[in-house]
Amino acid sequence: MLLSGAEAAGTGAVSAPGGLGRQWPAAEIQILSAIIVLCIVFSFMFPDSFATTGTLLNMARVAGILLVVAIGQSFALIVGGFDISVGSTMGLVSVVCATLMLSDFGVGTAIALGILTGAAVGLVNGIGIAFFRVTPFVMTLGMLTAARGLADWIANGGTMTGLPRAFAMFGRNMWWGVPSAACIALIVGVIAWLVLQRTRAGLYIYAIGGSLETARVAGVPIVRYQMLAYTICGALAGIAGLMLTSRVGVAQGSLGQGYELLSVATAVIGGVLIGGGVGRLSGVVLGVILITVLTTGLDIAGVNPFVQQMVTGCVLVGAVLVANARSGKVFRLFRNRGEP
Amino acid sequence: MTVQRHHGPILQLEGISKRFPGVAALENVHLELEQEQIHALLGENGAGKSTLIKILTGVQKQDEGHIRLAGHPVTISTPKDAQRFGISLVPQETLVVPELSIGRNILLGIESGMASRGALSSAEQVQVEAALDKIGADFDVETPAKELSVPQLRLAQIARALLQPGSIMVLDEPTAVLSEPDAEHLLERLDALRSEGQAILYVTHRLSEVMRLADRMTILRDGRLVGVYSRGEIDRDEMVRLIARDVGTRTGDQPTKTRDLPPVARDAPPRLEVTGLTAERHFADASLSVPQGRIAGIAGVQGSGHGAFVRAIGGVDPVVSGKVCVNGRSIGTGSPEHAARHGVLTVPADRRGAAIVPDLSIRANLAISGRIRAAARRWGLRWHDKERAVMEGYIADLSIRPPSTETKIAKLSGGNQQKLALARVLEGSADVLLIEEPTQGVDVSAKAEIHALLRRVARETGCAVVIASSEFEELVGLADDVYVMRSGRLGDHMTGDTTTYHKILEKALP
């Protein structure tokens with residue numbers, strides 16, 4: 001009974017020794033416990049403001065947007081690089097889509113073209129990194145700057161208002177009683193999981209990140225799949241840009257600032273390895289929830305936003321340290337003494 | 001501690017033993033090195049030479065035995081200890097920081113006092129130039145390391161060893177990757193260093209070199225000392241005989257039976273035909289032809305280029321010129337992706353770096369094969385239960401332990417990893433399989449299984465298998481044709497039924 005229930009739950013719970021059924025990986029358990037502890041602490045401290053439906057819905061909206069970016073970022077991380085231009089991409093997509101909608105394109109067309117813009121940004125990143133062998137840092141740093149410049153240029157450095165009502169509403173709407181942002185994140189998450197787990201492309205992205213040389217020798221078309229990973233990353237940043245634009249109701253070139261580092265941080269907290277080849281979406285989801293709960297709680301507690309940043313930074317490094325301790329890497333330096 | 005001039009051997013190894021789980025790497029080995037002596041350490045791959053050097057330079061510790069320096073017993077437990085006792089190692093690989101000048105590279109980590117990234121101070125320059133002079137290097141100390149050739153880097157490494165205090169120099173295969181003239185030049189320099197009082201212990205495969213140069217030679221076989229000789233005491237044939245393992249009682253010296261060879265259609269083009277393949281610094285003008293269903297072995301000692309040759313056929317390493325044809329059609333060179341599309345798959349020797357993805361599961365590692373069978377897929381998607389069924393077949397077939405498809409491949413033993421690396425190319429249903437050192441670092445039973453697997457694959461699927469190996473024993477009895485590569489030249493083709501271990505060894509040693 002217990003076993004079959006666990007199997008149905010998808011990931012499987014801790015099961016009989018001998019490994020029948022899958023187990024919750026240790027990393028996920030640790031993050032989940034941290035989330036639960038935080039929720040309990042905040043609920044007791046602020047029963048009137050934290051433990052409310054309003055806060056929960058708000059967190060779902062915030063987490064939804066962040067999760068879409070973080071999933072995109074995970075593709076770039078797993079293939080062995082990263083993308084720090086996702087924040088700028090969000091801003092660019094925001095103003096491109098707004099411009100289209102304000103010049104009488106349909107909302108649907110504008111959204112589609114907006115996502116395509118994000119994918120195009122990602123594709124350019126991918127071409128630079130995979131084909132021309134520019135390091136991911138330099139390429140996406142260049143893109144960060146260039147895309148932000150382009151976005152501000154299109155928006156004349158200002159804010160674009162008067163977006164169609166239909167567009168502005170979808171970011172605040174509830175779908176089936178759930179905030180739309182969370183629904184979109186869920187759909188994106190399921191598709192991303194399918195791509196990573198159920199397609200050859202997903203396998204190749206893991207293989208390239210895990211050992212570029214092995215993938216090359218095995219005959220994997222490396223350039224193509226690296227480009228694909230960055231394109232997916234860009235497209236998801238585009239979707240997140242649209243979600244954020246709709247939520248705040250205005251388009252802005254500077255929209256999405258901060259998401260580049262936040263997306264890397266949440267993915268890494270969730271167990272995605274910088275350097276590639278390792279990472280699960282379940283971990284990324286939990287990483288996003290952890291950061292969202294933490295920042296929301298600190299907000300409610302009235303903690304200075306700068307102090308919040310410090311806390312987030314410490315959580316990031318702490319999570320990686322905990323992960324390393326689990327795999328016994330922390331004291332490697334000391335243990336290897338005497339070896340060449 | 002400085003070693004004073006002293007009569008008798010400067011370095012004595014007494015009764016050194018070292019055991020690894022399941023194997024004795026060294027068994028009661030003695031060695032005496034004197035001042036002004038070039039001492040050659042000879043033996044086949046796996047004879048224990050590297051282990052002995054690792055013990056001498058503090059990388060590993062012996063289980064039994066003593067080391068004496070100038071008569072005093074010493075304990076060498078770290079590489080720093082070895083340095084302090086005046087033992088300097090010239091390693092086999094030429095590792096440098098390419099962007100720094102060669103002078104900076106030579107001094108890296110042994111600078112005295114303040115050091116900067118920039119030009120050498122005048123004192124440093126004098127010091128480095130003196131060392132380079134001694135070994136006859138003619139390049140400027142400020143040349144960036146990336147602009148130097150391999151022989152020049154080798155000289156720089158020796159200069160670095162000379163700068164460290166002490167008079168014992170250990171060279172690990174200094175001439176392995178050098179051409180004849182470059183090796184010749186290097187040996188002249190070793191000769192000169194000897195006259196200046198250095199004691200030189202060096203590991204090599206090149207017997208002709210040893211005959212001319214070494215004052216004394218110590219021969220190891222299977223971790224045991226089999227003889228110590230002075231120059232002129234034994235000839236080349238005798239040396240080969242001593243280096244050779246005693247394989248008469250094992251299957252290794254039985255020539256391949258040609259009876260079970262599949263018939264080859266006379267008018268059909270060979271499965272694999274390589275013409276005039278040349279790669280910079282590794283091998284030149286190598287040609288071979290393998291019919292379907294046959295196994296060709298490329299034998300060579302370390303540094304002879306046999307592994308690079310096989311990798312180049314598979315497009316893994318770049319080539320300068322030459323042609324590779326599969327079933328009579330040219331497939332081009334230089335791209336493993338392209339080669340794979342024509343059914344040419346490679347398993348390189350660098351297992352962890354280039355043959356498996358350590359962090360992925362067994363199943364994912366096998367599924368990387370671009371030509372995985374249709375039964376594992378539906379609608380172009382991966383289906384985990386279908387994949388598992390296919391992979392479980394391999395796991396049972398190859399007796400992989402633990403028998404789970406979801407274990408991370410990094411957690412498996414080397415033998416199991418190698419079997420799975422082979423399984424992946426088998427799943428790719430190749431026309432040509434290229435395998436470099438198929439049983440390197442693999443235990444005896446896994447070795448036998450891998451050999452059986454390769455034989456079965458060739459016979460049953462008709463694919464042409466090319467095996468590069470520096471373990472000659474395994475080629476005998478496995479390969480239908482054996483080619484020997486020596487210093488980048490492929491020659492001396494032998495058919496399986498005439499091949500013996502001794503013949504290969506005789507031809508492979510430069």
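## Confidence of the model

The predicted model has an ipTM of 0.78 and a pTM of 0.80. For chain A the mean pLDDT is 86, with 89% of the residues at 70 or more. Residues 1–22 of chain A have pLDDT below 50, and this stretch makes 20 contacts in the model beyond near neighbours in sequence. Residues 331–340 of chain A also stay under 50, and the model gives them 7 contacts beyond four places in sequence.

For chain B the mean pLDDT is 84, and 94% of the residues reach 70 or more. Among the elements of chain B, the highest mean pLDDT, 94, belongs to strand 19 (residues 432–436), while the lowest, 78, belongs to strand 17 (residues 377–378). In residues 248–253 of chain B the pLDDT is below 50, and the stretch has 11 contacts in the model beyond near neighbours in sequence. Where pLDDT is low, the predicted coordinates should not be read in detail.

## Chain A: helices 2 and 13

Helix 2 (residues 26–45) of chain A and helix 13 (residues 281–300) of chain A cross at roughly 20°, and their axes come within 9 Å. Because angles under 35 degrees count as roughly parallel, helix 2 of chain A is roughly parallel to helix 13 of chain A. The crossing of these two helices is left-handed.

On the side of helix 2 of chain A, the contact is formed by A:E28, A:I31, A:L32, A:A34, A:I35, A:L38, A:C39 and A:F42. Helix 13 of chain A contributes A:S282, A:G283, A:L286, A:G287, A:I289, A:L290, A:V293, A:L294, A:G297 and A:L298. By class, the contact of helix 2 with helix 13 of chain A comprises 13 nonpolar, 4 polar and 1 charged residues.

## Chain A: helices 4 and 6

Helix 4 (residues 86–102) of chain A packs against helix 6 (residues 136–154) of chain A at an angle of about 25°, with the axes 8 Å apart. Helix 4 of chain A is therefore roughly parallel to helix 6 of chain A. Helix 4 of chain A passes helix 6 of chain A in a left-handed crossing.

From helix 4 of chain A, the residues in contact are A:G87, A:S88, A:G91, A:L92, A:V95, A:V96 and A:T99. They meet A:M143, A:L144, A:A147, A:R148, A:L150, A:A151 and A:I154 of helix 6 of chain A. This contact of helix 4 with helix 6 of chain A has 9 nonpolar, 4 polar and 1 charged residues.

## Chain A: helices 3 and 12

The axes of helix 3 (residues 53–78) of chain A and helix 12 (residues 259–269) of chain A come within 8 Å and cross at roughly 70°. Helix 3 of chain A and helix 12 of chain A are therefore roughly perpendicular to each other.

Helix 3 of chain A makes the contact through A:I65, A:L66, A:V69, A:A70, A:Q73, A:S74 and A:L77. The partners in helix 12 of chain A are A:Y259, A:E260, A:L262, A:S263, A:V264, A:T266 and A:A267. The contact of helix 3 with helix 12 of chain A divides into 9 nonpolar, 4 polar and 1 charged residues.

## Chain B: a four-stranded open sheet

In chain B, 4 strands form an open sheet in the order 2-1-4-5, with antiparallel pairing. Strand 2 (23–33) and strand 5 (72–74) of chain B are the edge strands, each pairing on one side only. From one strand to the next, the twist averages 30°. Strand 1 (residues 11–20) and strand 4 (residues 64–69) of chain B run antiparallel and are joined by 5 bridges. In strand 4 of chain B, B:H66 is the bridge partner of B:E14. Helix 1 (residues 49–56) of chain B packs on the sheet, where it touches strand 1, strand 2 and strand 4 of chain B. The direction of helix 1 makes about 115° with that of strand 1 of chain B.

B:L69 of strand 4 of chain B is the bridge partner of B:L11, and B:L69 also stands opposite B:H72 in strand 5 of chain B. Strand 4 and strand 5 of chain B run antiparallel and are joined by 3 bridges. Their hairpin has 2 residues between the strands, and B:A70 takes a positive phi near 45°.

## Chain B: the hairpin of strands 21 and 22

Strand 21 (residues 481–486) and strand 22 (residues 489–495) of chain B run antiparallel and are joined by 5 bridges. B:R486 has B:R489 in strand 22 of chain B as its bridge partner. Strand 21 and strand 22 of chain B form a hairpin with 2 residues between them, and B:S487 in the turn has a positive phi of about 45°.

How values were computed
Residues numbered from 1 in each chain as written. Chains lettered and ligands numbered in written order. Predicted model: local features only at pLDDT ≥ 70, side-chain atom pairs only at ≥ 80, totals over all residues. Heavy atoms only, no water. Axes fitted to C-alpha atoms, helices over the stretch in contact; angles between N-to-C directions. Parallel < 35°, antiparallel > 145°, perpendicular 65-115°, else oblique. Left-handed = near helix turned anticlockwise from the far one by under 90°. Contact = heavy atoms within 4.5 Å. Nonpolar A, V, L, I, M, F, W, Y, C, P; charged D, E, K, R; others polar. Pairing = 2+ DSSP bridges. pLDDT = per-residue confidence, 0-100.
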